[in-house]
Structure formats: structure tokens, C-alpha cells
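Please keep the sequence and the model at hand while reading.

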Amino acid sequence: MKNKRMFSLMGIFYKETFRNGIEVFFTLLLPVLLMLLFGFIFGTETDPSVDYKLGIAGNFEVGIVEALPYQVLIFEDKNSLSQALESDQIDMGIIIVENNQITFVQKETDINNQSNIF
């Protein structure tokens, strides 16, 4: 008996909702349209498969180089690393000294070129 009342009540709500076209639009269609619109506008991302070239100088272990997900170039000293950075052979440099102090070296990026900012 209670189930019959429940189904008739649901039928009444269904008929009342879908007879009113504006209510259907604002309840169902507008949120879907907004989700698609904002998804297309703000959902574009840059290509994450950009390979950065990383330069390493100093005392380091070979396991560190193999663990990095970037293309790694090995340099003998800080000066050759800085020259490679200035000539755009590498995007970033890491200098490791004896007491495991790590120094990151990077060229100053152009703030207008967003592809260089990471």
C-alpha cells in the first residue's frame, strides 16, 4: 500500500517537472551546457611530454642520473655548465659539491613567453 502511494507521488512529481520546460532547462540542460562550455575553455592544457634538458656537474652518483626523468647532460665543472646554459644547450643545471650541497642554476625566463615558465 505504501509503495503504491510512493510510485504515484513520484509519477506526479515527474509529470509536473517535465511539463514545465523552463524548469527542465534550468535543472538538467543548463548545468550540462555550462560544464561543457567551461571544460572547453579552461580544459586545454599544454603538452606534458616536453623534454627538458638538464645539466649536472660536480660529485654525483650514476644512480641519480638514471632516476631523473629528463634528458641529462654531464659537465665537468661549473663554468662549462654555465656556458651550456647561456648557449641554450640545457634548460637547467644542477651543481653538486662534496658535502651534498645542491645548487640549481637556471636562466632568467622571459615572463611574456609562458612556454618557458615551469
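In which sense do strand β1 and β2 pair, and over how many bridges? Strand β1 (residues 53-58) and β2 pair in the parallel sense, with five bridges between them.

## Basis of the model

This is a predicted model, in which local features need pLDDT of at least 70, side-chain atom pairs count only at pLDDT 80 or more, and totals for chains, interfaces and linings use all residues. Residues are numbered from 1 along each chain as its sequence is written, and side-chain values use heavy atoms, with hydrogens and water left out.

## Elements and overall burial

The protein has four helices and four strands. Helices (H or I, at least four residues) and strands (E, at least two) are DSSP runs, numbered from the N terminus. Starting at the N terminus, the elements follow the order α-α-β-α-β-α-β-β.

Of the 118 residues in the protein, 15% are buried. Here buried means under 20% relative accessible area, exposed means over 50%, and partly exposed lies in between (1.4 Å probe, protein chains only).

## Helix α1

Helix α1 covers residues 2-19, which is 18 residues. From its first C-alpha to its last it reaches 26 Å, close to the 26 Å expected at 1.5 Å a residue. The expected span of a helix is 1.5 Å times one less than its number of residues. Helix α1 is hardly covered, and the count of buried residues among its 18 residues is zero.

## The sheet

Four strands form an open sheet in the order β2-β1-β3-β4, with mixed pairing. Strands β2 (71-75) and β4 stand at the edges and have a single partner strand each, so one side of each is left without a neighbour in the sheet. Neighbouring strands of this sheet are turned by 25° against each other on average, direction ignored. For such angles, axes are lines fitted to C-alpha atoms, for helices over the stretch in contact, and angles run from 0 to 180 degrees between N-to-C directions.

Two strands count as paired if DSSP finds at least two bridges between them. Leu73 and Lys53 are 20 residues apart along the chain, and their C-alpha atoms are separated by 7.2 Å. Strands β1 and β3 run parallel and are joined by five bridges; Ile56 has Ile94 in β3 as its bridge partner. The pairing of β3 and β4 is antiparallel, over five bridges. Ile95 has Thr103 in β4 as its bridge partner, and Gly93 stands opposite Val105 in β4.

The C-alpha atoms of Met92 and Gly55 are separated by 6.3 Å, although the two residues are 37 residues apart along the chain.

Most residues other than glycine have a negative phi. Asp88, in the loop between α4 (78-86) and β3, has a positive phi near 60°. At 56% relative accessibility, Asp88 counts as exposed. Asn100 also takes a positive phi near 60°, in the hairpin of β3 and β4, which has five residues between the strands.

## The second largest pocket

The second largest pocket holds about 170 Å³ of space. On a 1 Å grid over the protein atoms alone, a pocket is an open set of points where a 1.4 Å probe fits, with protein on both sides within 12 Å along at least five of seven lines; lining residues have an atom within 4 Å of a point. Grid points are joined across faces, edges and corners, and the volume is the space filled by probe spheres set on the points.

The lining of this pocket includes Ile56, Phe60, Glu61, Ile94, Asn100 and Phe104. Strands β3 (92-96) and β4 (102-106) are the elements that give two or more residues to the lining. By type, the lining residues divide into seven nonpolar, two polar and one charged. Ala, Val, Leu, Ile, Met, Phe, Trp, Tyr, Cys and Pro count as nonpolar, Asp, Glu, Lys and Arg as charged, and the others, Gly among them, as polar.
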